[in-house]
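Subject: Handover of a structure and findings

Dear colleague,

Please find the structure handed over with this email. My findings follow directly below it.

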Amino acid sequence: MNNIVNCNFSECKASLLYLPTFLLLSILAFLGSRNLLSNEAYVNFQKDFFLYFNSELSKYPSTLDNLTQFGDALIILSFVALLLIYAPKVWEALITASIVSAILVGILKPLFGIQRPAAAFGIENLHVIGRVLRGNNSFPSGHSVTVFTVLTVILFAFMPKKTTNQIIWSVSIFSLGIILILTRLGVGAHYPLDVTVGAIVGYISAILGLVINKRYNIWTWIGQKKFYPVFIVIFLSCSIVMFFKILQTNLIVFYFAFLSLLISLFIITLRYVKK
């Protein structure tokens, strides 16, 4: 499996950044040309769209509350933990891409300082599922960045060879991503442009991660057995955190993430101690 992933990653080029970068700059140019980058103008521009989606999507609170958790890096990465053993090249890309995405989000959120919907409209005027977020860090959506960073790496890691299969695989991955980021509207955490830009930034982060790893091979050590204890400790720590998440918020997605971590922990420990 790792050879297939490595082969697919070797075909990724920096030119894949052209289209998403153009889209991102076009959106920012449009907002700037219409004077929509100020907090009040940005919020009011999307108010009707946001309230409509928020009202419609919030009719499925349990589903939204579970699906939106995939924007949490701990949750979505738990589901691909096993790939550390069978396809470490995927995790090499995920680590670099995650660092890139964290840097970009860390720059963009304070740069724009957009109010969350609950702060802008008041909690009584929208549907909020889960924790109420009122900060000035709405743009872009960090959850959306995380989802598309991980899914884009997975997209290219397991890209089929046949064109027809490539189309089906790509549509499936992007459709899943869109479904997951739309939950941020339903739970009342973000505006439409927050998740749109977040998805683009996530895609860019993933491509940058692939390109950087292709050139510098930073994390090749993670697939080596002698370093397994590091990940045993990490998986164990994440499992403990997940256990307390289950105690605090009894969501089915946490059980599956917890199970995935335990299975990964068991297999990697077994491989390490096996002669």
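Before the findings, one convention is needed for the aromatic residues: rings of Phe, Tyr and Trp, the last represented by its six-membered ring, count as a pair if their centres lie within 6.5 Å. Please also note that this is a predicted model.

Aromatic residues

By that rule, the count comes to 17 aromatic pairs. The rings of Tyr52 and Phe53 have centres 5.6 Å apart and planes at 70°, so this pair is edge-to-face. Phe53 counts as partly exposed, since its relative accessibility is 31%. The rings of Phe112 and Phe139 are likewise a pair, with centres 4.8 Å apart and planes at 80°, so the arrangement is edge-to-face. Phe112 belongs to helix H7 (residues 88-112), whereas Phe139 sits in the loop between helix H8 (117-121) and helix H9 (142-157), so the pair ties together parts that are 27 residues apart in sequence. Phe112 is buried, with a relative accessible area of 19%, and the cut-off for that term is under 20%. Phe139 counts as buried at 2% relative accessibility. Both residues are members of one aromatic cluster, formed by Tyr42, Phe50, Phe112, Phe121, Phe139 and Tyr191.

The loop between H8 and H9, and His190

Phe139 is also joined to Pro140 by a cis peptide bond, with omega at about -10°. Pro140 is found in the loop between H8 and H9. Among the residues in contact with His190, leaving aside neighbours within four places in sequence, are Pro140, Ser138, Asn137 and Ser141. The contacts of His190 also include Phe50, which is a member of the aromatic cluster. His190 itself lies in the loop between helix H10 (163-186) and H11, and it counts as buried at 1% relative accessibility. The side chains of His190 and Arg116 are joined by a polar contact of 2.9 Å.

Overall architecture

The protein has 13 helices and zero strands. Its radius of gyration is 19 Å, close to the 19 Å that the globule rule gives for 275 residues, so the protein is as compact as a globular protein of that length. Along the principal axes, the C-alpha trace spans about 65 × 45 × 35 Å. Of the 275 residues, 48% count as buried. Among contacts with a separation of 6 or more, 80% are accounted for by residues 24 or more positions apart. The exposed surface comes to about 13,800 Å², of which carbon and sulfur atoms supply 67%.

Nonpolar cores

The largest nonpolar core holds 80 residues, and within it Val90, Trp91 and Phe156 touch the most other members. Helix H11 (residues 192-216) contributes the largest share of this core, eleven residues. Apart from it lies another core, of five residues, among them Leu64, Leu133, Val187 and Ala189. As for Trp91, residues up to four places away in sequence being left out, its contacts are Leu77, Val80, Ala81, Leu83, Leu84 and Ile222.

Phe30

Phe30 lies in helix H2 (residues 18-33). With a relative accessible area of 33%, Phe30 is partly exposed. It touches Leu36 and Phe45, if residues up to four places away in sequence are not counted. The C-alpha atoms of Phe30 and Phe243 are separated by 45 Å, and the two residues are 213 residues apart along the chain.

Two asparagines have a positive phi, in each case in a residue other than glycine. For Asn35, phi is near 55°. Asn35 lies in the loop between H2 and helix H3 (39-57) and counts as exposed, at 62% relative accessibility. For Asn217, phi is near 50°. Asn217 is located in the loop between H11 and helix H12 (228-248) and is partly exposed, with a relative accessible area of 41%.

With kind regards

Note on methods
Residues are numbered from 1 along each chain as its sequence is written. Side-chain values use heavy atoms; hydrogens and water are left out. A nonpolar core is a set of buried Ala, Val, Leu, Ile, Met, Phe, Trp, Tyr and Cys residues joined through side-chain atoms within 4.5 Å. Buried means under 20% relative accessible area, exposed over 50%, partly exposed in between (1.4 Å probe, protein chains only). Helices (H or I, at least four residues) and strands (E, at least two) are DSSP runs, numbered from the N terminus. Contact means heavy atoms within 4.5 Å. Rings of Phe, Tyr and Trp (its six-membered ring) pair if their centres lie within 6.5 Å; planes under 30 degrees apart count as stacked, over 60 as edge-to-face and the rest as tilted. A polar contact is a pair of N or O atoms within 3.5 Å; within protein, one must be able to donate a hydrogen and the other to accept it, and residues adjacent in sequence count only if both atoms are side-chain atoms. The radius of gyration is taken over C-alpha atoms; the globule rule is 2.2 Å times the number of residues to the power 0.38. Accessible areas come from the Shrake-Rupley method with a 1.4 Å probe; for residues, only the protein chains shown count as cover.
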